[in-house]
Amino acid sequence: MKVTFLGCGDGFSIEQGHNSALLTFENTNLCIDFPESNHLGLHQLGMKLNQIEHIFITHLHEDHVNGLQKLALYHRVYPNRMKPKLYVPTGLKDDLWQILRHGLELTTRGKRVLEDYFDVKCVDNAFTVAGVKFELVPTLHVPDMLSYGLLCNPYFYFSGDTRMDESYIRSIADEVQTIYHECHMQDDQLPSHTSLDELLSLPESIQAKMILMHYVDDYVQTDRREKFHQVYKFRLAEPLLGYM
Ligand SMILES: [Zn+2]
Ligand SMILES: [Zn+2]
């Protein structure tokens, strides 16, 4: 299981791309979320949009889904072997189409629905790709808004956007090799995201498993990241670097 960040910036990032990870395993791939900035990230990896085989959507904030329309149209114009499979939490499917339909419903060949572009799989608890199981984990992002992380035991837990859920992190920390956790890395407290101070309350053994993502552009320079790594156990996700 290789995890490559196509972007690891927050919702306002200019330089790092919005947060999204490309998982490669068993001769296939799965993208967690699909911001528009993924196009450049994939290009830099030598990949085209129509090589994405599976996509999972964590929630509907625009920095996580604003590349899906382009992905859908690219696959229609440059079809590959099959439509990409879109794993979408059941409660998000209708709202996702409402976001996308303004650009995808009407075409020169007639009306289209989401299923014309994607092989849509509504997911309640878990899904399996090439024998690898991914479990949905409800997160604490915005009150009453559906949002999810992904647990892929024994490889990783990917938090998606969330406030820190300490009891959950402690409950899975021993099961997984790596925890990809969001951290805004700003001095101000953001009510819908996780701060560095909160993560520092975890035992160092857990901190050492954590790769932080969805952070501000202040840490885009290599020397800023290295200084951070000298002080803390956490590592900051780096775009286009493959984590095993
Ligand atoms: Zn976000
Ligand atoms: Zn969000």
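These entries go from ground rules to strands, metal site and salt bridges.

**Ground rules**

I am working with a predicted model, where local features need pLDDT of at least 70, side-chain atom pairs count only at pLDDT 80 or more, and totals for chains, interfaces and linings use all residues. Residues are numbered from 1 along each chain as its sequence is written, chains are lettered from A and ligands numbered from 1 in the order in which they are written, and side-chain values use heavy atoms, with hydrogens and water left out.

**The open sheet**

I looked up the strand order of the open sheet and got S9-S10-S11-S12-S13-S14-S15, seven strands with mixed pairing. At the edges I found S9 (126–129) and S15 (235–236), each pairing on one side only. I take strands as DSSP runs of E with at least two residues, and helices as runs of H or I with at least four, numbered from the N terminus. Two strands pair if DSSP finds at least two bridges between them.

I then checked S10 (residues 132–138) against S11 (residues 148–152): they run antiparallel and are joined by four bridges. Pro-138 sits opposite Tyr-148 of S11.

Is S5 mostly covered or mostly uncovered? Mostly covered: of the five residues in S5 (residues 85–89), four are buried. Buried here is under 20% relative accessible area, exposed is over 50%, and partly exposed is in between (1.4 Å probe, protein chains only).

S5 runs parallel to S4 (residues 54–56), with three bridges joining them. S5 is also parallel to S8 (residues 119–123), this time through five bridges. I followed Tyr-87 across both pairings: Phe-56 stands opposite Tyr-87, and in S8 the bridge partner of Tyr-87 is Lys-121.

**The zinc ion (ligand 2)**

Which protein atoms hold the zinc ion (ligand 2)? I listed His-59 (NE2), His-61 (ND1), His-141 (NE2) and Asp-161 (OD), at 2.2 to 2.3 Å. Donors are N, O and S atoms within 2.8 Å of the metal (3.2 Å for Na, K and Ca); water is not among the atoms, so sites may look incomplete.

The angles among the four donor atoms span 90 to 163°, and the site is irregular. For the record, four donors are tetrahedral if all angles lie between 85 and 135 degrees; four are square planar and six octahedral if opposite donors are over 155 degrees apart and all others between 65 and 115; anything else is irregular.

In sequence, the donor spacing reads H-x1-H-x79-H-x19-D. His-59, in the loop between S4 and helix H2 (62–65), and His-141, in the loop between S10 and S11, are 82 residues apart, so I noted a link between distant parts of the chain. His-59 counts as buried at 0% relative accessibility, and His-141 does so at 1%. Asp-161 also bridges to the zinc ion (ligand 1), 3.5 Å from the zinc ion (ligand 2).

**Salt bridges**

I found six in the structure, a salt bridge being a side-chain nitrogen of Lys or Arg within 4 Å of a carboxyl oxygen of Asp or Glu. Lys-85 pairs with Asp-119, closest N and O atoms 3.8 Å apart. Lys-85 is in S5 and Asp-119 in S8, so this pair ties together parts 34 residues apart in sequence. Asp-119 also meets Lys-121 (3.8 Å, N to O).

Glu-166 and Arg-170 form another salt bridge, at 2.9 Å, N to O. Both lie in helix H6 (residues 166–172), four residues apart, about one turn of the helix. Shared partners make one network of Lys-85, Asp-119 and Lys-121.
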